[in-house]
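Q: Please take a close look at the nonpolar core for me, and then at what surrounds it. I would like the cut-offs spelled out as you go.

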Amino acid sequence: MTVRTHPFGKNLRAVLALGLPLAGSHLAQFLLAVTDTIMLGWYGVLDLAAGVIGAALFFTVFIFGTGFANAVMPMVATAAASDDDTMVRRSTRMGLWLSIAFGIAVLPFFWFSGAFLTLAQQPVDVVPLAEVYLRIIGLSLVPALAVMVLKNYLAALGRTQIALLLTLGAVVLNIGLNWILIFGNLGAPELGVRGAALASIAVQIATVLGLALYCALLPSLRRYALFQRFWRPDWVAMGLVWRLGWPIGVALVAETALFSAAAIMVGWIGTHELAAHGIALEITALLFMVHLGFSNAGTVLVGRARGRQDQQALRGVARAATFVSISFALATMVVYIGFGPQLVGVFLGPDEPARDTIIAIGASFLVIAAFFQLADGAQVMGMGLLRGVQDTRVPMWIAAFSYWGLGLPVAYVFGIRLGWGGEGIWAGLAVGLSAAALALMWRFWRGPGRSAAKPWAVVR
């Protein structure tokens, strides 16, 4: 007797097999920022606030640059499913070119970031430290973007374990270097937030070297000759990556900049509120990495189905990925509501004078965050599924309008004009995320997710 596997069960296993290592890798990558925040919180509130606002600006720039890395993922997945080894190499190589060029081009912004922070009316005692932090950590942008390109290249080919292992190693290295450089242990100078930035540079360089060696030396990957004649430009492939990647970058930065703008508005309220916002944001972003991992799995699996021109498989993996995201969102809501104070407390030293105040503020932010988990998971999943069919232009406009046309104005009105404080600002974030989730999911399921659609014809 033959036992047939239910299509949903088969697709669910495919999503979990690819998504869990990707989620783990994203979690480990984000732990680099979390460990910085925790250890700076133990060092002092002023350095913590400088690190929070500095990291928010750095991440905004970084996330725009990852648009090219995110373009590599669906392009490689589709090319590999079509047995086009040449396009696998060309798209990845030009993704690296564009990422490196971007990382160099934005260095002046980091150097003169103090003027921007002053214009944004950040606390005067925070601005000088934040500028120094940004000047140093800006040097890590090129290797950090190259890491993202190589991770997405490997993920599209189904090789996710090495990225997870290397990133876990990077977390351990970052903790050790922070312990030495932030606190001045083992005879090193006590550098505070400057030490955290220097540690980040070393960690990103070590990670990109490990990934590059793996890609170059693994026998099964040599067929792609990724670094062969790397210095030669490929203008056609570069144009393809550019056209697909910059809208992804804009969409990503629209969401990230919404949270950065929220950090600036919270900074108008006070240093304690800014520190609490940074901690609550670290917690929500950490668990968001799981959603991002399954969204990436959706991108790869939908991209492969697109390469095979298999509409049934495309719909099946999209449903399974969405189911996983919804399930995780429901579990996350329970964690935020039930354990908010304990989670915030991890980021603060036991002797911190403002500990109780920051915990109370941060826990209230997490309660609000609990109620937009479904929307947050749905919007990133919708974006990932649309990337899988290389639909990026319209999602970019959806994201820009949802986050900046709705989310930011509502956050300003609730938080600043009506005087609701940080809780009002976080309520505005919920409005923007909800609008994006509804529009992105509608676009996918009314377009390439319908049985009558031809996903391989959807190219933006």
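A: Happy to! Two residues are in contact, or touch, when heavy atoms lie within 4.5 Å. By that rule, and leaving aside residues up to four places away in sequence, Y153 touches V72, V76, V88, T92, C215, L221, Y224 and L226. This is a predicted model, in which local features need pLDDT of at least 70 and side-chain atom pairs count only at pLDDT 80 or more, while totals for chains, interfaces and linings use all residues. Residues are numbered from 1 along each chain as its sequence is written, and side-chain values use heavy atoms, without hydrogens and water.

Y153 brings us to the core. A nonpolar core is a set of buried Ala, Val, Leu, Ile, Met, Phe, Trp, Tyr and Cys residues joined through side-chain atoms within 4.5 Å; buried means under 20% relative accessible area, exposed over 50%, and partly exposed in between (1.4 Å probe, protein chains only). The largest such core has 151 residues, and Y153, L134, L141, I279 and W426 touch the most other members. Helix α2 gives the most to this core, with 19 residues. Apart from it lies another core of five residues, including A28, L32, A170 and V171.

Helices here are DSSP runs (H or I, at least four residues), numbered from the N terminus. Helix α2 spans residues 45–81 and also holds N70. With a relative accessible area of 10%, N70 is buried. Beyond residues up to four places away in sequence, N70 touches N152, I248, L252, N296 and R387.

Now for a helix pair. Helix α12 (residues 311–345) and helix α13 (residues 355–370) pack at about 165°, with axes 8 Å apart; axes are lines fitted to C-alpha atoms over the stretch in contact, and angles run from 0 to 180 degrees between N-to-C directions. Since angles over 145 degrees count as roughly antiparallel, α12 and α13 are therefore roughly antiparallel to each other. Among the residues of α12 that meet α13 are M333, Y336 and I337, and those on the α13 side include R355, I358 and I359. The contact divides into 12 nonpolar, three polar and one charged, where Ala, Val, Leu, Ile, Met, Phe, Trp, Tyr, Cys and Pro count as nonpolar, Asp, Glu, Lys and Arg as charged, and the others, Gly among them, as polar.

Finally, a loop: Q390 sits between α14 (373–388) and α15 (393–417). Q390 has a positive phi of about 60° although it is not a glycine. At 11% relative accessibility, Q390 counts as buried.

Terms used. Helices (H or I, at least four residues) and strands (E, at least two) are DSSP runs, numbered from the N terminus. Angles under 35 degrees count as roughly parallel, over 145 as roughly antiparallel, 65 to 115 as roughly perpendicular and the rest as oblique.
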